[in-house]
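Thanks for asking me to look this one over with you.

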Amino acid sequence: FHQQYNQPGSPAAAVAQAKQQEERETRLVRTNSETNRESLLTLKLDALQEQAQQLRKKSQELAFEKARIHSQLERLVGGTEVSKCFRVDRQEILARSDMTLKLLDSVNIEVVITRQPDQEQALHKANDMVDDLCHKLSATALQPNADLKPLELQVRTFLAAIAADGPEGPIDQRFATAALGCCLDDQKNLRHRLEELQVQMT
């Protein structure tokens, strides 16, 4: 009797089929709901990721701006124009410069760059070469009637080695090897340092 009651076409079979259909529809609705929720979360994450990338980019630009201001401040204080001022005026200029430097140092901008060991080594070599240029410029600038053309040419060969839209002409192969072994963020920083050097020599 039980088997006959559950035979196809019986009331029990119809109820069971209806329950199965309801369960399938419920699962389908739940699946669609989950899909919509995942899509919404994905869109939100995409937006947040874009905002984070823009924040990083702006932070790098601010770090460049801080370095530029710092460099200009050093040139102003160390320039010959300040030494020509009267003692009282010179003291006031130096006091204001010191206050400006403290204000600048109160701004702390840090953008963490992830590097592989070989990129660390390449960056160390490239920075050493740019540091050497900075030291040469500082020493040459103190000399009366100093000729900066050799240094200007060397900076151009460095820029030509690292920047696709850099100046035309010969490139420094040693610097090119070191710089191109760095990550993209470090290459941008190196280029910024070289461009700042160019400004100092004008």
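1. Contacts along the chain come first. Among those between residues at least 6 apart in sequence, 63% join residues at least 24 apart, where contact means heavy atoms within 4.5 Å. Please keep in mind that this is a predicted model, in which local features need pLDDT of at least 70 and side-chain atom pairs count only at pLDDT 80 or more, while totals for chains, interfaces and linings use all residues. Residues are numbered from 1 along each chain as its sequence is written, and side-chain values use heavy atoms, with hydrogens and water left out.

2. On the overall make-up, the chain has eight helices and zero strands, and from the N terminus on the elements run α-α-α-α-α-α-α-α. These elements are DSSP runs numbered from the N terminus: helices are H or I with at least four residues, strands are E with at least two.

3. Now the surface. The chain has 202 residues, and 23% of them are buried; buried means under 20% relative accessible area, exposed over 50% and partly exposed in between, with a 1.4 Å probe and protein chains only. The accessible surface comes to about 15,000 Å², with 55% of it belonging to carbon and sulfur atoms. These areas come from the Shrake-Rupley method with a 1.4 Å probe, and for residues only the protein chains shown count as cover.

4. Which residues touch the most other members of the largest nonpolar core? They are Leu133, Ile162, Phe175, Leu190, Leu194 and Leu197, out of 24 residues in that core. Helices α5 (117-141), α6 (149-162), α7 (173-180) and α8 (184-200) each supply at least two of its residues, and the largest share, seven residues, comes from α5. A nonpolar core here is a set of buried Ala, Val, Leu, Ile, Met, Phe, Trp, Tyr and Cys residues joined through side-chain atoms within 4.5 Å.

5. Not counting residues up to four places away in sequence, Leu194 touches Val130, Leu133, Val155, Phe158, Leu159, Ile162 and Phe175.

6. The ring centres of Phe158 and Phe175 are 4.3 Å apart and their planes are at 5°, so the pair is stacked. Phe158 lies in α6 and Phe175 in α7, so the pair ties together parts that are 17 residues apart in sequence. For reference, rings of Phe, Tyr and Trp (its six-membered ring) pair if their centres lie within 6.5 Å; planes under 30 degrees apart count as stacked, over 60 as edge-to-face and the rest as tilted. Phe158 is buried at a relative accessible area of 1%, and Phe175 is buried at 0%.

7. Staying with α7, its buried residues are Phe175, Ala176, Ala178 and Ala179. At the start of this helix, a side-chain oxygen of Asp172 reaches to within 3.2 Å of the backbone nitrogen of Arg174.

8. What about disulfides? The count is zero, a disulfide being a pair of cysteine sulfur atoms within 2.5 Å. The sulfur of Cys182 is 6.9 Å from the closest cysteine sulfur, in Cys183, too far for a bond. Cys182 is buried, with a relative accessible area of 5%, whereas Cys134 is partly exposed at 23%.

9. Leaving aside neighbours within four places in sequence, Glu196 is in contact with Arg68, Ser71 and Arg75.

Conventions: A polar contact is a pair of N or O atoms within 3.5 Å; within protein, one must be able to donate a hydrogen and the other to accept it, and residues adjacent in sequence count only if both atoms are side-chain atoms.
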